Amino acid sequence: MTTVATAVSPARTLATAARVLRQLRHDPRTVALLLIVPVLMITLLRYVFDADPRTFDSVGASLLGIFPLITMFLVTSIATLRERTSGTLERLLAMPVRKGDLIGGYALAFGTVAVVQSLLATAMSVWVLGLDVIGSPWLLLLVAVLDALLGTALGLFVSAFAASEFQAVQFMPAVIFPQLLLCGLFTPRDRMHPVLEAISNVLPMSYAVDGMNQVLTHTAATADFYRDVLIVAGSALLVLCLGAATLRRRTG
Amino acid sequence: MMNYSDAAEAGAVEARALTVVRGDRTVLRGLDFTVAPGRITGLLGPSGCGKSTLMRAVVGTQADVTGTVDVLGSPAGHPGLRPRVGYVTQAPSVYSDLTVRQNLDYFAAVLRPGRGHAASRREAVIRAVRDVDLASHADVLAGHLSGGQHSRVSLAVALLGTPELLVLDEPTVGLDPVLRRDLWNLFHALAAERGTTILVSSHVMDEAERCHRLLLMREGEILADDTPDALRTRTGSATVEGAFLHLVDEANTIREEPTR
């Protein structure tokens, strides 16, 4: 075998992504839930705000950014927890594989699922439910995919602190709910208590939601939009690196 | 320091003063041992005596190891060893939501990535499936297999890269006698035909008779390092189990004497 163990390997990343997707394919119910639930929720929301389509526009756009983050967080935290507890992670790390290959594979696989999920939810919102987007729906999709990567990164990271699937799902309210309350979905962030506003300034979901609203209200990509996209992407990358540090070749 | 020519003459595994402390418990107490290349070395002892920890130290997945463990001429856990050492944990570590073939395809792609190796990967997968006698179940989900079949998938993964050293943690637990015999025949074939060094643990003493050499362990210490025949002769016992009990009694007397 001539492969150098430390070389970066796109082939290993691709093989890992294909393997994760293959595992998902054996679980059609999860795939159906991943793809259909966001469409149903956004439809539900449309008729909750039946008399108030303006509110639907802003809340709907925010939710298109939040769905991929939450679902990918859950899926990744459970999937990597399983990888840790089943011994497959230990086995892989005893093989000539780089941590980046594994994490890249996960990000690629769940990123792909997120693209399909966001395409369905965005198409439904814009073309069927009449979500009024002034900017390009493609930019909505871009933010949604970055949000999904952020969710994947957070899920990967917290799975290191969960000893069981029970604990892993409990990280959802602990990590996601505070961001959900502070991201500006319920009330504009500048109308919160100053302390909460300051906290919301350092939470990545705030920028995910802000990015969605920038697309909603502007014809072209604004400077704020680029800032939002960079912050979400940067946070995802940072948390992915933290996640990589939790994959240990040697354990007690 | 050991150079490569020395390593070839010396053991496939050379451990000196190997110690592992986990919390306030010393799991391995300054072990010295050698695993002979191309032979089957059995690691025997009761559950909880430190067999798994010793194997993890050899493979390089155990944290907090002191002393030295050299494997195939490099320190245990060296990145260069990863393609050369196969490791099968006690619990089958494969994806239960993939088929046997999909599991092997993935691990083969990790070991030998790239399109250029597609043909050799396919061959390696077919051979590994045949080695563990799972050809008729290749397209069944690993999670749907029986316990014995499931652990054989895990073994097949370790055989993929044609490793020079195979570390097997209780591979025959829960298998019926026929399968156990077949697996031991496979281990002997691997050692004889491919020159594979095998370090295999068991807490069933009758499997000891099938090994070339034995390391008998108890409470983190090695009681004996010898061939099954020599052990029986030295202790005047009819079986390895008898030899083990004799050595345990002997160790207990030695330990008690200074306190008298």
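Figure 1. Helices (H or I, at least four residues) and strands (E, at least two) are DSSP runs, numbered from the N terminus. B:Asp133 is not a glycine, yet its phi is positive, about 65 degrees. Most residues other than glycine have a negative phi.

In this predicted model, local features need pLDDT of at least 70 and side-chain atom pairs count only at pLDDT 80 or more, while totals for chains, interfaces and linings use all residues. Residues are numbered from 1 along each chain as its sequence is written, chains are lettered from A and ligands numbered from 1 in the order in which they are written, and side-chain values use heavy atoms, with hydrogens and water left out.

**Figure 2. B:Thr162 also has a positive phi.** The phi of B:Thr162 is about 45 degrees, although the residue is not a glycine. B:Thr162 belongs to the loop between H5 and S7 of chain B. With a relative accessible area of 38%, B:Thr162 is partly exposed.

**Figure 3. Helices H3 and H4 of chain B cross at roughly 135 degrees.** The axes of H3(B) (residues 100–111) and H4(B) (residues 118–131) come within 10 Å. Axes are lines fitted to C-alpha atoms, for helices over the stretch in contact, and angles run from 0 to 180 degrees between N-to-C directions. The crossing is right-handed; a crossing is right-handed if the near helix is turned clockwise from the far one by less than a right angle, and left-handed if anticlockwise. From H3(B), the contact (heavy atoms within 4.5 Å) involves B:Arg101, B:Leu104, B:Asp105, B:Ala108 and B:Ala109, and from H4(B) it involves B:Arg121, B:Val125 and B:Val129. Five nonpolar, no polar and three charged residues make up this contact (Ala, Val, Leu, Ile, Met, Phe, Trp, Tyr, Cys and Pro count as nonpolar, Asp, Glu, Lys and Arg as charged, and the others, Gly among them, as polar).

**Figure 4. Six strands of chain B form an open, mixed sheet.** The strand order is S6-S7-S8-S3-S9-S10, where two strands pair if DSSP finds at least two bridges between them. At the edges are S6 (85–88) and S10 (221–226), each pairing on one side only. Neighbouring strands are turned by 15 degrees against each other on average, direction ignored. S6(B) and S7(B) (residues 165–168) run parallel and are joined by four bridges; B:Val85 has B:Leu165 of S7(B) as its bridge partner. Helix H6 (residues 177–193) of chain B lies across S3 (40–44), S7 and S8 (197–202), at about 135 degrees to S3(B). Helix H7 (residues 228–235) of chain B packs on the sheet, touching S9 (213–218) and S10, and its direction makes about 105 degrees with that of S10(B).

**Figure 5. Helices H6 and H10 of chain A are roughly parallel to each other.** Their axes come within 8 Å and cross at roughly 25 degrees, and the crossing is left-handed. Among the residues that meet are A:Leu139, A:Leu146, A:Asp147 and A:Phe157 of H6(A), and A:Phe225, A:Val232, A:Ser235 and A:Gly243 of H10(A). The contact divides into 18 nonpolar, two polar and one charged residue.

**Figure 6. A:Ser159 is buried in a loop of chain A.** The loop joins helix H6 (137–158) and helix H7 (165–182), and the relative accessible area of A:Ser159 is 0%. Apart from neighbours within four places in sequence, A:Ser159 is in contact with A:Ser77, A:Thr80, A:Leu81 and A:Arg84.

**Figure 7. A:Cys183 is buried, with a relative accessible area of 2%.** A:Cys183 is located in the loop between H7 and helix H8 (194–201) of chain A. Not counting residues up to four places away in sequence, A:Cys183 touches A:Ile66, A:Arg189, A:Met205, A:Ser206 and A:Val209.

Methods: Buried means under 20% relative accessible area, exposed over 50%, partly exposed in between (1.4 Å probe, protein chains only). Angles under 35 degrees count as roughly parallel, over 145 as roughly antiparallel, 65 to 115 as roughly perpendicular and the rest as oblique.
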